[in-house]
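This report walks through the fold shown below. It takes confidence first, then the sheet, then the helix packing.

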Amino acid sequence: QLATPELHSRSAHRRSFRSRKARPYQEEAVDHFFKHARDGKVARLQLAGGTGKTFIFGLIIKRDLASHPAGHHVIFVPFRDLARQTAQELRREPFNLQVDVVGDGEQAPKRGSEAAVVVCVYASAKKLHGRNFRTKIIDEAHLLECQDGLRALEVRLGTSADAVGEFSATFRGQRNLDFDYSLDRAISDGSVSDFMVTVAVLTEGDSIEAVARLLHEKHFDWAPALVVFNRNKRAGDCARLLRGAGVRAGFISGYEPKTNREQAK
């Protein structure tokens with residue numbers, strides 16, 4: 001649960017994405033994918049959050065399409081919102097791929113679909129059962145360990161591919177990794193920014209109003225800021241108080257309607 005200032009416009013994000021070029025570690029990850037995802041082996045690649053895994057997926061697919069232009073590719077993701085986000089990024093520049101989404105109220109694409117990529121939610125993997133793809137990418141693969149056993153089996157074994165890779169920022173055990181771009185390395189390279197963490201210690205009797213006043217006073221210095229609460233109500237109350245004070249703040253929770261979550265992004 002969190003409240004976060006809405007400071008970046010979507011148009012600015014689109015402009016920065018169009019101008020993006022692959023960073024050295026992203027090209028390195030692609031090379032490792034094709035090096036290790038062969039002869040029936042599943043490549044395991046770990047990259048810190050915020051280092052552009054979706055961009056890497058696009059690079060993998062575009063590289064394979066260069067030699068197999070009629071090929072089809074699948075990406076499995078755990079959540080519907082992530083499926084929509086992944087599809088959106090692959091459809092626009094620099095990739096301009098045709099993408100179908102499965103698991104967002106959409107039926108599985110028919111065989112012979114012109115879409116080069118299918119993005120499928122874990123829970124809908126059975127809709128693609130028996131299909132073969134050029135590449136198969138499983139995002140947030142560590143979550144399969146928390147899934148129902150049959151669902152995890154369907155994601156991993158229900159479809160086949162010439163090259164299969166599992167991606168995560170947090171594999172358990174940290175063993176058998178074919179590529180590891182850690183958070184420490186990403187921060188050192190300047191690929192991501194480290195958080196400046198501020199812990200507000202409130203004395204007994206202080207309320208959410210005190211937190212909102214602190215954020216209001218400091219928001220010019222701290223923005224963009226991510227504020228985490230242990231209860232939905234506290235996060236929502238803080239966001240409402242900030243908006244009432246003229247600070248653009250959004251509230252994200254799994255229980256919020258989709259429109260509210262999209263607005264907060």
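α2 and α3 cross in a right-handed sense. This is a predicted model, and that crossing is one of several packing features described here.

**Confidence**

Mean pLDDT for the protein chain is 85. A value of 70 or more is reached by 80% of its residues. Coordinates predicted with low pLDDT should not be read in detail.

**The sheet**

An open sheet is built from 7 strands. Their order is β4-β5-β3-β6-β7-β2-β8, and the pairing is parallel. β4 (99-102) and β8 (179-181) are the edge strands, each pairing on one side only. From one strand to the next, the twist averages 20 degrees.

α2 touches β2, β6 (132-138), β7 (160-168) and β8. Its direction makes about 160 degrees with that of β2. α3 touches β2, β3 (73-77), β5 (117-121), β6 and β7. The direction of α3 makes about 165 degrees with that of β6.

**Helix pairs**

Which helices pack against each other, and at what angle? The table sets out two pairs.

| Pair | Residues | Angle | Axes |
|---|---|---|---|
| α2 and α3 | 24-36 and 53-67 | about 55 degrees | 9 Å apart |
| α7 and α8 | 208-222 and 232-244 | roughly 45 degrees | within 9 Å |

Take α2 and α3 at about 55 degrees. That angle makes α2 oblique to α3. From α2, the contact uses Gln-26, Glu-27, Ala-29, Val-30, Asp-31, Phe-33 and Phe-34. From α3, it uses Phe-55, Ile-56, Leu-59, Ile-60, Arg-63 and Asp-64. These contact residues divide into 8 nonpolar, 1 polar and 4 charged.

Now α7 and α8, whose axes cross at roughly 45 degrees. The two helices are therefore oblique to each other. The crossing of α7 past α8 is right-handed. On the α7 side, the contact residues are Ile-208, Glu-209, Val-211, Ala-212, Leu-215 and His-216. They meet Arg-234, Asp-237, Cys-238, Leu-241 and Leu-242 in α8. This contact divides into 7 nonpolar, 1 polar and 3 charged residues.

Definitions and conventions. Residues are numbered from 1 along each chain as its sequence is written. This is a predicted model: local features need pLDDT of at least 70, side-chain atom pairs count only at pLDDT 80 or more; totals for chains, interfaces and linings use all residues. Side-chain values use heavy atoms; hydrogens and water are left out. pLDDT is the predictor's confidence in each residue, from 0 to 100. Axes are lines fitted to C-alpha atoms, for helices over the stretch in contact, and angles run from 0 to 180 degrees between N-to-C directions. Helices (H or I, at least four residues) and strands (E, at least two) are DSSP runs, numbered from the N terminus. Angles under 35 degrees count as roughly parallel, over 145 as roughly antiparallel, 65 to 115 as roughly perpendicular and the rest as oblique. A crossing is left-handed if the near helix is turned anticlockwise from the far one by less than a right angle, and right-handed if clockwise. Contact means heavy atoms within 4.5 Å. Ala, Val, Leu, Ile, Met, Phe, Trp, Tyr, Cys and Pro count as nonpolar, Asp, Glu, Lys and Arg as charged, and the others, Gly among them, as polar. Two strands pair if DSSP finds at least two bridges between them.
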